[in-house]
Amino acid sequence: MVSVVKNLQFVLNEIELARKSRQLAKDEPVTLVAVTKNHGVEMMQQAIDAGVLHIGENRIQEAAEKFKSLNREVTRHLIGHLQTNKAKQAVRLFDLIHSVDSENLASTIDKAAYSIGKIQDILIQVNLAKEDSKSGVYEENLQSLIETVDTLKNIRLRGFMLIAPNYSDVENCRPLFRRMYEIFCAVKKTRQNFDFLSMGMTHDYKIAIEEGANVVRIGTAIFGERNYG
Ligand SMILES: *Cc1c(COP(=O)(O)O)cnc(C)c1O
């Protein structure tokens, strides 16, 4: 059986080691988002009982079901691609939406947030490696998306999210993380309330942290392999 508590301790320790070994942002804390997608609510509850404060889900329906039975306040992160027709549910369910990558999606979330009187925190997902299989705005279109987001009153841009390619040699991710951190810092200089750089998953979180990530999204290393059967 998977021991969520043990795995969590291991991961938290690795996060600390990576954070202390980095040159940049040495004193900045790293937030762990425990990714519970495809795992039952018992696993989610175990992680929360063990002290996890941030939960990540990638599907609206699944998240809605699981969040119903939570007995403690946690910060809820939507890490997966969001379809515009689910924006209303998403703004009700999530504190931070990591996956905004188009003007259309941004303005749909803005309207949905307005309709329930909320200011929705978001991240823009960037597709630095230009992978066809992944969502995310390309670097050359990022500035224009930021400008659009800034015109929308009911969403607030809090940072960026990156999913690195699944290279067999994980070191190949490093230049992408480094580039993303550079872009993040340049944008951060010009804004307020812009503080989250969400990058790093089970296979690459140590490198992501070394290169400046301050939010990591980790599932498998805590909960074991997901069963998509
Ligand atoms: C599933 C998922 C994760 C977690 O992946 P693991 O490899 O299990 O740690 C992180 N980020 C996103 C966007 C995901 O969809």
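Is Ala25 buried, exposed or partly exposed, and what is its relative accessible area? Keep that in mind as you look through these close-up views of a predicted model.

**View 1. Ala25 sits in a loop between a helix and a strand.** Ala25 turns out to be partly exposed, with a relative accessible area of 23%. Look at its backbone too: phi is near 50 degrees, a positive value in a residue other than glycine.

View 2. How accessible is Asn38? Its relative accessibility is 22%, so Asn38 counts as partly exposed.

**View 3. Cys173 is a buried cysteine.** Its relative accessible area is 0%. The closest cysteine sulfur to that of Cys173 belongs to Cys185. The two sulfurs are 19 Å apart, which is too far for a bond.

**View 4. Cys185 is a partly exposed cysteine.** Here the relative accessibility is 25%. Which cysteine sulfur is closest to the sulfur of Cys185? It is the one in Cys173, at 19 Å. A disulfide needs its two sulfur atoms within 2.5 Å, so this pair at 19 Å is too far apart for a bond. A search of the whole structure likewise finds zero disulfides.

Methods. Residues numbered from 1 in each chain as written. Predicted model: local features only at pLDDT ≥ 70, side-chain atom pairs only at ≥ 80, totals over all residues. Heavy atoms only, no water. Helix = DSSP H or I, 4+ residues; strand = E, 2+ residues; numbered from the N terminus. Buried < 20%, exposed > 50% of the residue type's maximum accessible area, 1.4 Å probe, protein only.
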